[in-house]
Amino acid sequence: MNIKKYISVLPLLFLCFLVKAQGNDAVTFEMKPSKTKLGLNERIRVDFTMNKDGDNFTPPDFNGFRVLMGPSQSISSSWINGVRSFSKTYSYTLAPTGRGIFTIKQATIVIDGETYKSLPQDIEVTAAVDKPDAEKTVDDVADESLHLVAELSNPTPYLNEAVTVVYKLYVSPTIDVTNFRALDNPKYNDFWSQDMPISKYTTENTTFKGQAYRSVILKRVVLYPQKTGELEIEPLSLDVSLQVPTNRRDFFGGRIFAQASKTVSAGKRTIAVKALPTEGKPADFSGAVGDFKFSVTTSKTSLNASESLQAVVSINGKGNLKLFEIPKLNLPSSLEVYEPEFNENIRTNLSGMEGMINNSYTVVPTYKGKYPIPSISFSYFNPKTEKYHTLNSEEILINVIEGPSSGSINTRGGAVLNKQTIAATGNQFVFNKLTPNLTPKETNYFFGSNRFFLWWLLPILLIPLAILFGKKREAISSDVEGNKIKRANKLAKKYLSAAKKTLGDKEAFYIALEKALHNYLKAKLKIETSEFSKDKITTLLSEKNVDLATSEGFIGLLKNCEMARYSPFSVVQMQQDYNTASEVISQLDKQI
């Protein structure tokens, strides 16, 4: 009795199982907006979700909205009690362009050869609302978490006083910066500038506007203003690639990060340059601003006539060492003096230029005697004390021990008047020759020369070379199979060149690779492959008598391009897919 009862229940259980299986196989494709009412200053995320993988997704016309991001794809797949759950989503982030009620129309997708459409959705856009209560988009998070600042060491310097500009990028710990590049480097007009290259970027934990941030120094430059008044520093602009956390979670509960690109600028900065004071300005002031030491030294003070010594005028310290002239030596006219040799040993740090400059004079005395090198002065302005300072060198006496004596020596820089008797010699004046005995130069004529006959014979010698070259070309043309291989390899390189340039960047590489495969079929078969599913492409290749291995390799590459967007792929895998794509295109070109 009990057995019959259980047997009668079995058909009912089977029917329930069948209905459930059919429910699991039903295809769903729907649009899910994050909200149906928003303010004019808010953002909305629209998700198009399906429970089976499809091709040829066509988004609607987002009339009344501006697309900020998208489409971004996400895939979720799991097995629970032997039942597979699959979900694929195309997401868009939109910003309204005006107030009113706007309709997001139908989107379409092809699943298993059939076209499915989502239902339209009305969205109401009201006046602007308070931002703190609105849902933050990726752009909102990036704006709040990324700041480029130009920090000045002194916004009110004196003329020719060093100013250091340090460009710092402040990044919130909630986001990750993956790359950056300079869009516009500032031009420092009205400044003498010195870049300080950064060999390694170092991240530091710091605070910005009272909150915890990470900072990195991107650029350092030392400026010396050459004009007084309000001087502007042009902004530095960067294109920054970053990863921003979203409110979505992956299968394992981890937060999903969205890729974003943001342009940040340091903004213009104004420096108020003060003029140097006129009160107490020395007459010999040449524009030196800083803190310096000044000296005049000689390599020796005693020597013989016709020997040489080095007189060095040296300035060392910290300041605008490259922007003023060194005072000149005033030597007696009895000393032979050569043009000075300029030397410098300057290093630039965050406080400005520091080091030494000097002029080295070579001095050669002619006569015996004592020659004083008089004291000279050097003046500079010290911005710390806001005063002028004048330094004087000590007088140096040069003693020429041995040498001829001069009848009249002016040791104080005047003219030297020496009357000397000129001794006549027998060969002081030589007359021009009236009979020079000139002979003509040897003249070579081209006509009838060896070169003339060689040029005549050259065409005859080239005939055998031309015959050998012609036979070589015929052999290459007759090699049909070899030419096909060469053309196929050349074609593969042509279509895969864009993908090769992006090796290492997973997303860009697989986008370029997928585009290359579709473009190849488009060019080869004169069709639009973007309208074809992978099954249709397989059928098409089969109709063209492409062997199974090549066809499966082509479809496998398309699948890898799709899976790479959602799964981690190594550089080795990318290189393998690139090599496989080159082989597949070469094989297809031989068979089609």
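Start by selecting strand S23 (residues 309–319) together with S26: the two pair in the antiparallel sense over 10 bridges. Strands here are DSSP runs (E, at least two residues), helices are runs of H or I with at least four, and both are numbered from the N terminus. Two strands pair if DSSP finds at least two bridges between them.

A word on the model: it is predicted, local features need pLDDT of at least 70, side-chain atom pairs count only at pLDDT 80 or more, and totals for chains, interfaces and linings use all residues. Residues are numbered from 1 along each chain as its sequence is written, and side-chain values use heavy atoms, with hydrogens and water left out.

Stop 1: Select residues 352–365. This is strand S26, and 11 of its 14 residues are buried (buried means under 20% relative accessible area, exposed over 50%, partly exposed in between; 1.4 Å probe, protein chains only).

S25 runs antiparallel to S26, with 9 bridges between them. Thr348 has Met353 of S26 as its bridge partner. The two strands form a hairpin, with 2 residues between them.

Look for Leu335 opposite Pro365 of S26.

**Stop 2: Thr297.** Select Thr297, in strand S21 (residues 290–298). Is Thr297 buried or partly exposed? Thr297 counts as partly exposed because its relative accessibility is 41%. Show its contacts (heavy atoms within 4.5 Å). Beyond residues up to four places away in sequence, Thr297 touches Gln310, Ala311, Val312 and Ile396.

**Stop 3: Asn160.** Move to the loop between strands S11 (146–152) and S12 (163–171), where Asn160 lies. Asn160 counts as buried because its relative accessibility is 10%. Which residues does Asn160 contact, leaving aside neighbours within four places in sequence? They are Tyr224, Pro225, Gln226, Gly287, Val289, Asn320 and Leu323.

**Stop 4: helix H8.** Finish with residues 571–591. H8 has 21 residues and reaches 30 Å from first C-alpha to last, close to the 30 Å expected at 1.5 Å a residue. The expected span is 1.5 Å times one less than the number of residues. Colour the buried residues of H8, among them Met574, Asp577, Tyr578, Ala581 and Asp589.
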